[in-house]
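Here are some notes to read alongside the model. Keep the 3D view open while you go through the points.

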Amino acid sequence: MTRTAPRTVQLRSAGVGLVVELCAPLPRILHWGEDLGHLTDEECAALALTADGAALHNSPDDPRQFTVWPTEADGWSGTPAHQGHLAGAATAPRPRLVGAQETGGELVLRLADDSAGLDLTLVYCLAPSGVLAVRTTVARRPDADPTPYDLSAVTTLLPLPRRAAEILDFTGRWCRERSPQRRPLGHGSHVREQRRGRTGQDAPYLLTVGVPGFGFRGGEVWGVHIGWSGNQRWLAEQLPEGAGVHASVLGGGELLSPGEIRLAPGETYTTPVCWFSWSGAGLDGLADRFHTLLRARPSHPVTPRPLTLNSWEAVYFDHRPERLVALADTAADIGVERFVLDDGWFLGRRDDTAGLGDWTVDTSVWPDGLTPLADRVHARGMQFGLWVEPEMVSLDSELARAHPGWILGPGSGLGPSSRHQYALNIGHPGAWEYLLESLDAVITRYCVDYLKWDHNRDLHEAVQRSADGRDRPGVHAQTEALYRLLDTLRSRHRGLEIESCSSGGARVDLGVLARTDRVWASDCNDPVERQAIQRWTGQLLPPELIGSHVGEARSHTTGRLTDSSFRLLTALFAHAGIERDIGACSPDELARLKAWGALYKELRPLLHSGRVVRADSVGDAALLHGVVAADGSAAAYCWATVASSPEAQPGRVVLPGLDRTGSYRVRIRTEAGLPSFREVTAPPWVTAALGGWVTLPGPVLSGAGVPMPVLDPGQALLIEVRRTARERQEPRPAAGT
């Protein structure tokens with residue numbers, strides 16, 4: 001009797017491939033990475049044949065395989081796909097495949113674990129960008145044992161080859177988010193756990209493993225992002241015996257507290273989406289896949305990103321209506337398109353020790369409400385925005401006095417405050433409804449176009465009081481309640497845009513970005529710090545989703561003095577704005593801001609649609625980054641120096657992303673001002689480009705490179721590139737050669 005070979009499913013898109021063999025008892029992953037092309041039946045059979053390794057000494061008698069749901073039942077000694085128990089029993093899951101369906105780039109696998117009465121559904125969806133989204137649903141059967149199933153963890157894992165041997169992830173702190181760190185991938189588990197109740201300033205962000213020495217422009221890399229705004233667990237893991245014929249695994253999921261998810265019969269748990277991608281073109285290639293994914297979303301902003309003025313570093317808590325109306329008028333005069341009133345407008349909020357939770361206008365400060373300011377902003381053709389921090393509460397507030405039980409914390413008493421505040425238990429139906437109606441009323445009354453949604457502390461002892469009076473873990477419920485609140489507000493106010501801000505950049509993830517329109521990358525507007533923060537925030541997000549503002553000459557957060565041209569050009573390569581007291585600016589400063597704003601509006605169609613590129617070979621003291629149009633017809637580059645260097649001059653530097661067979665015009669834009677040069681004379685091409693367009697061929701710009709000018713530390717230069725109307729033609733080889 002002939003045995004039918006298991007069916008093999010191929011998901012293919014944009015040069016990425018996932019190959020899964022639908023075998024019993026569990027499907028196994030044969031390949032994830034570079035697209036192998038459309039495999040014939042014979043080629044699929046060969047791939048499956050070579051997916052069995054050796055049976056090793058002192059190991060299971062059958063060769064180990066790496067399945068879609070790795071557990072000890074497979075001989076897998078690494079992190080299991082899921083962990084849980086029924087009152088201490090049913091701790092050895094043995095799921096089996098009971099159904100599979102593949103349609104239009106999506107593979108749905110249905111597994112059953114009879115020991116715990118669980119039905120598991122895995123969904124793999126490969127987007128046109130080549131990014132693979134994986135989500136799992138764990139369901140208790142309605143007729144299962146009535147004992148609640150304590151789900152401890154669900155971890156999504158994909159295999160990596162031996163050549164993936166170096167890890168890049170991120171750490172950080174307030175005002176220094178997304179700082180990269182690299183290390184070899186050795187034996188054992190590289191595990192990052194985020195226990196902050198939010199994504200965190202030190203989040204791994206995009207955990208990447210690649211060939212040793214991978215960079216922005218080259219090297220094969222694999223990455224994962226966990227699209228979740230609560231606690232998370234990320235890992236890259238390598239066992240001595242490997243993962244089947246693969247070397248290691250990459251993955252993650254939500255980090256659950258003990259007892260946080262207890263599934264009674266009929267209840268379900270759905271994991272956050274884990275977003276995986278592969279690139280053979282280095283970190284820029286990986287970033288381009290995620291940028292393409294995000295730009296294809298129906299919810300992605302499609303209107304030009306408005307030039308913004310935020311009032312925080314202009315007035316702080318000094319809310320005087322006449323001063324803020326004058327600030328709005330000056331903003332309109334220089335071309336600002338969105339005016340945002342930051343912290344300090346609501347009841348009792350004269351400093352950061354009181355008022356959070358009381359989302360009504362403080363009439364002692366604003367006797368006529370916000371109407372005069374909002375009406376003036378709208379009359380001047382700008383959008384009106386407000387700062388809010390709905391998930392937090394001050395003990396000195398009417399809300400806390402009326403509903404002390406709505407504060408998130410143990411019944412035995414609250415722990416220490418952070419920034420003089422506590423978290424509101426928005427998983428409580430009453431608290432959630434209060435926030436919805438309070439925010440809805442403010443948005444409706446003042447025709448609010450935009451909310452800057454802040455979250456200024458970690459969630460420690462984040463427990464809720466259950467119906468039986470016991471403390472239960474609350475981060476999962478808090479995160480889901482946030483998502484429901486954002487979704488409901490947006491459904492009520494279709495044009496409303498929301499920014500995710502959290503002590504700066506502590507909540508930057510694809511979970512919150514599914515329902516917001518940009519992130520605040522950092523509270524630090526110092527351009528020296530911002531160059532690095534934006535460089536790495538852009539590894540996941542395109543520029544139009546990253547807020548960046550021009551601050552005062554002396555940074556509010558670092559005390560460093562920087563030139564205006566450096567500050568202006570740093571903010572240009574994002575969703576740009578202003579955060580300073582422009583009412584105190586001189587006429588020359590206002591003229592410079594107005595010219596820069598016009599430059600931003602001119603270039604934003606390019607900056608907010610093109611491919612982000614970053615150079616590898618310019619050392620630690622200088623940065624070259626830019627955006628190249630999707631069709632290659634235009635580009636803008638920022639050449640920035642953040643420190644001094646022992647090298648006297650940078651020498652030839654390649655402008656990444658251009659076509660070597662093309663011909664280009666190049667000029668240096670001076671609307672933001674000129675940098676301070678550390679040289680007697682600039683390279684001749686720079687001198688020519690300062691005076692207008694200079695023509696340079698593709699082999700020079702993107703092959704040999706051009707000598708960059710020597711800038712003083714804390715300086716930047718804007719280079720614009722346009723393809724000439726007549727392309728350079730490569731000489732054709734002679735006949736017969």
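1. First, the ground rules. This is a predicted model, where local features need pLDDT of at least 70 and side-chain atom pairs count only at pLDDT 80 or more, while totals for chains, interfaces and linings use all residues. Residues are numbered from 1 along each chain as its sequence is written, and side-chain values use heavy atoms, with hydrogens and water left out.

2. Start with the open sheet, where 3 strands sit in the order 1-2-3 with antiparallel pairing. Strand 1 and strand 3 (28-34) are the edge strands, each with a single partner, so one side of each has no neighbour in the sheet. On average, neighbouring strands are turned by 10 degrees against each other, direction ignored. (Helices, H or I of at least four residues, and strands, E of at least two, are DSSP runs numbered from the N terminus; strands pair if DSSP finds at least two bridges between them. Axes are lines fitted to C-alpha atoms, for helices over the stretch in contact, and angles run from 0 to 180 degrees between N-to-C directions.)

3. Now the pairings themselves. Strand 1 (residues 7-13) and strand 2 (residues 16-22) are antiparallel and joined by 7 bridges, with Thr-8 opposite Glu-21. Their hairpin has 2 residues between the strands, and Ala-14 there takes a positive phi near 50 degrees. Strand 2 also pairs with strand 3, over 6 bridges, and Gly-17 faces Gly-33 in strand 3. Helix 1 (residues 41-49) packs on this sheet and touches strand 1, strand 2 and strand 3 (contact means heavy atoms within 4.5 Å); its direction makes about 110 degrees with that of strand 3.

4. On to charges: the count comes to 52 salt bridges, each a side-chain nitrogen of Lys or Arg within 4 Å of a carboxyl oxygen of Asp or Glu. One of them joins Glu-529 and Arg-176, with the closest N and O atoms 2.9 Å apart. Glu-529 is in helix 9 (residues 527-537) and Arg-176 in the loop between strand 11 (166-171) and strand 12 (179-184), 353 residues apart. Glu-529 is buried at 17% relative accessible area (buried means under 20%, exposed over 50%, partly exposed in between, with a 1.4 Å probe and protein chains only).

5. What about a pair inside one helix? Glu-398 and Arg-401 form a salt bridge (3.0 Å, N to O), and they are about one helical turn apart because 3 residues separate them in helix 6 (residues 398-402). Glu-398 is partly exposed at 46%, and Arg-401 is partly exposed at 48%.
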